[in-house]
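Visitor: I have a structure to go through. Could we begin with the terms and then turn to the contacts?
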Amino acid sequence: PTSESFAGEFNIVKWVESNLPENVLQVLDPELRQLMTSNESQTIQLHDCLITIIGSVGLSCTTESPGGRIGIREALRRLKSSQEILLKQQVPNGKTKS
């Protein structure tokens with residue numbers, strides 16, 4: 001990142017960590033955030049899924065110590081698990097289950 005707010009020891013990983021889980025929407029691309037908030041019925045499910053993906057996968061792949069990072073197979077397993085949970089909440093017409 002080129003922002004002046006990422007100075008010294010503060011980096012993008014620490015910024016993401018500081019925004020989880022309460023402010024997970026702040027770490028999203030603005031277009032994705034707009035798409036997500038345009039469908040109120042899905043916001044809660046997507047919010048929980050994003051916390052899992054960003055926290056459990058993204059941050060686990062970017063820890064400072066390479067030995068502390070999860071492997072690609074574990075990352076894929078976690079992503080597939082999140083996908084399955086999200087897809088189970090969908091009904092055929094594209095709306096979420098209540």
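Guide: Helices (H or I, at least four residues) and strands (E, at least two) are DSSP runs, numbered from the N terminus. Residues are numbered from 1 along each chain as its sequence is written. This is a predicted model, in which local features need pLDDT of at least 70 and side-chain atom pairs count only at pLDDT 80 or more, while totals for chains, interfaces and linings use all residues.

Visitor: What is the mean pLDDT of the protein chain?
Guide: The mean is 81, and 82% of the residues reach 70 or more; pLDDT is the predictor's confidence in each residue, from 0 to 100.

Visitor: Where is confidence lowest, and where highest?
Guide: Helix α2 (residues 30–37) is lowest, at a mean of 77, and helix α1 (residues 12–19) is highest, at 90.

Visitor: On to contacts. How many salt bridges are there?
Guide: The structure holds 2, a salt bridge being a side-chain nitrogen of Lys or Arg within 4 Å of a carboxyl oxygen of Asp or Glu.

Visitor: Which residue pairs with Arg77?
Guide: Glu74 does, with the closest N and O atoms 2.6 Å apart.

Methods: Side-chain values use heavy atoms; hydrogens and water are left out.
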